[in-house]
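Subject: Structure for your files

Hello,

Here is the structure I said I would pass on. My notes on it follow below.

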Amino acid sequence: MKNFKPWLPAMLSIIILLIFLGVWHLATLPTQGTIDPNLDPEYAKLLGASAAVGQKSTMPTPADVLDKLWVNVKDPFYDHGTNDKGIGIQIAYSLARVSLGFGLAALVAIPFGFLIGMSPLLYKALDPFIQVLKPISPLAWMPLALYTIKDSAISAIFVIFICSIWPMLINTAFGVSTVRREWINVARTLEVKPLRMAFKVILPAAAPTIMTGMRISLGIAWLVIVAAEMLVGGTGIGYFVWNEWNNLSITSVIVAILVIGIIGMILDLLLGKVTKWVSFKE
Amino acid sequence: MASFSNPFDPNSKLGKGCQCGQHNSQAAHDEAEAMNTQQLGDRAVEGAIMRALFPHDETRRNFLRTVGAGTAFAAISQFLPINFMQEAFAETGGALEKTKLKVGFIPITCATPIIMAAPMGFYAKHGLDVEVVKTAGWAVIRDKAINKEYDAAHMLSPMPLAISMGVGSAPVPWTMPAVENINGQAITLALKHKDKRDPKSWKGFKFAVPFDFSMHNYLLRYYLAEFGLDPDVDVQIRSVPPPEMVANLRAGNIDGFLAPDPVNQRAVYDGVGFIHILSKEIWDGHPCCAFSASKEFVTTMPNTYQALVKSIIEATAYANKDENRKSIASVIAPANYLNQPVTVLEQVLTGTYADGLGGIQKVPTRVDFEPFPYESFAIWILTQMKRWGQIKGDVNYQKIASEVFLATDAMKLMKDAGLVPPKSNTKKFFVMKKEFNPAKPEEYIASFPIRKA
């Protein structure tokens, strides 16, 4: 493979972005709708601008979205009552929920995955359960959680927990079970105690795989939070989306999508850094 | 005031006039007796119980004649905590058990009194600090209310009945102390159907209603059936949360909906639909949404409950005045409450609106706010639940109605608030010109050619 200049990928990204924005802008440009000459101005006043002008598309242009984004980012922490808080506060709520649900899942999944990985028998016995529970959508868990837990805040966290536990569990188990035999054999010949072997040999060897599982899980947790908050409501970025959808404000929904994406990327980058830090080169 | 006439008196007249014959109505007689509120309240509670146990005048009278009023009362109070209920009712102005409350609402104009009572100080006036919390959908608001996350909640008026009976959820004794609004819904169709104004041509349409247990569902089914369409066979009716309705109408997933406002007006505002008819053309004065609370809340926190219902009743009365509608529209429009353009809400509340076909309609009674929970409303809802197979078997209409729709309480609280409550717990009404007689629910169901039961 030929080497390329280091600035080339960044430049390519920017070009792709510009093309995308350009297409978007052209596609959503307000068609000079013909104003119906018979339309009663009194009547037109009662309608939305787009309906009155006879414009088909209500898709916002990139400029609209940037405007809205600026409005939201300018004052992210305002609090106009229970149902109207700034986007910063909403994100903080969502992040708190995610870290709680994800943290609990990690606390359960990693030790448990370790055990399963050490014992091929357990691995095989539990595999069907994990495979059945893994693909269940967060929205399917929600009614059950609301009904049994009887608290919507805890239900939301439970749903994040139950959805983000599986990738971590599977990856931990897989990582632990595939540690190279030679390393374990060497440790055995040196008469290393089991607990010490677990922490000094197996854990470091399996760490990169475990971290990969955690990254997948955190991604899932961030996906789930939006769905859960849309359903349960109250606070969070998911509620923000729902509230703006309620007002059919596609502009704000796109802003929220952008924000959700960026936060998700930051979370993944952070865990990526940790992964680099725990893995070692042979 | 029929509700306060003494049901323990076997000699009171059933028709016009009072028991002593000197006044031309029982109400006048009662006023002359000048009871204090305490006695009146006690009597109202006893009366409600007596009526619930013996809904037929004939049976009740025979029973009273045989055993005497005192014995009857003693016998009944053995089984029912009448004293407790009287106390619960009587302690007006007593200390509030709880002042910080959470009340859930769905962002539609039906919730106007519940919402505006917070920013306009109706709750505060009665010493309550109420947080009104926007909620995503009817199933969620039901679950949150049952789970006690909310002390009281905005519901569709069939929901307290369904919850009490355990239809669609676990059975929890639920109550409905006040109706929120009457009328205020509409059938909206996609613009492409603007030439299909005859419901007979709607075969194969896909409709949306907000919830299975909603007036919207029953009114739409009723309307379609009157035009010879079987709502379970000829069309498809799905339950779609109100905010998603306009988006679905735009996408062509549905052909129309019977929905609460502002959804209908919003469809016009966004140029995707037109208002076919207002729900008042199906049944003028139909109840829609309700203020509801669990029976447990009513009995364990009687003072709070009364203060809360009084705030709601007062807010409802305020909202009902035409001159207040515009200012209310601007109070409830911000993102914290309905999150809608002010002009949409103004059109809904003032009744001067664009119909989506180029005309401006002026219907000042498009939506009205009347709190009184008539028991006959409940009975009609129950007949429709049975008609469409949501409930099966024998239904004790009167008992369920009076247990859930707290008409007697509402009378007293309306009086306390300086309003004039209706004279009776029930009233007759017409749905598409067909009279409903609450005394004969089964006959009413049987009179419809299209039904499931």
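How far does helix α6 (residues 120-133) of chain A reach from its first C-alpha to its last? The span is 20 Å for 14 residues, close to the 20 Å expected at 1.5 Å a residue. Please keep in mind that this is a predicted model.

Next, the interface. Chain A puts 32 residues into the contact and chain B puts in 41 residues. The size of an interface is often given as the accessible area lost when the parts come together. Between chain A and chain B the buried area is about 2,900 Å², and carbon and sulfur atoms give 52% of it. On the chain A side, the residues that lose the most area to chain B are A:Tyr43, A:Leu46 and A:Leu248, which together make up 21% of what that side buries.

Polar pairing across the interface comes out as follows. The count of salt bridges between chain A and chain B is 0. The rule does find 2 residue pairs in polar contact there, both at pLDDT 80 or more.

Which helices of chain A each supply at least two residues of the side that touches chain B? They are α2 (41-45), α7 (138-149), α10 (194-232) and α11 (237-246). Of the elements on that side, α11(A) gives the most, with 6 residues. Sorted by class, the side of chain A that touches chain B has 13 nonpolar, 12 polar and 7 charged residues.

Over all chains, the structure holds 20 salt bridges. One of the salt bridges joins the side chains of A:Arg97 and A:Glu229, at 2.6 Å from N to O. A:Arg97 lies in helix α5 (residues 87-118) of chain A and A:Glu229 in helix α10 of chain A, so this pair ties together parts that are 132 residues apart in sequence.

Two backbone points in chain B are also worth a look. Most residues other than glycine have a negative phi, and most peptide bonds are trans. B:Lys148 is not a glycine, yet its phi is positive, about 65°. That residue, B:Lys148, sits in the loop between α8 (138-146) and β3 (152-156) of chain B. The peptide bond joining B:Asp261 and B:Pro262 is cis, with omega about 10°. B:Pro262 is in the loop between β9 (256-260) and α12 (263-269) of chain B.

Regards

Terms used:
Residues are numbered from 1 along each chain as its sequence is written. Chains are lettered from A and ligands numbered from 1 in the order in which they are written. This is a predicted model: local features need pLDDT of at least 70, side-chain atom pairs count only at pLDDT 80 or more; totals for chains, interfaces and linings use all residues. Side-chain values use heavy atoms; hydrogens and water are left out. Contact means heavy atoms within 4.5 Å. Buried area is the accessible area (1.4 Å probe) that two parts lose on being put together, summed over both. A salt bridge is a side-chain nitrogen of Lys or Arg within 4 Å of a carboxyl oxygen of Asp or Glu. A polar contact is a pair of N or O atoms within 3.5 Å; within protein, one must be able to donate a hydrogen and the other to accept it, and residues adjacent in sequence count only if both atoms are side-chain atoms. Helices (H or I, at least four residues) and strands (E, at least two) are DSSP runs, numbered from the N terminus. Ala, Val, Leu, Ile, Met, Phe, Trp, Tyr, Cys and Pro count as nonpolar, Asp, Glu, Lys and Arg as charged, and the others, Gly among them, as polar. The expected span of a helix is 1.5 Å times one less than its number of residues.
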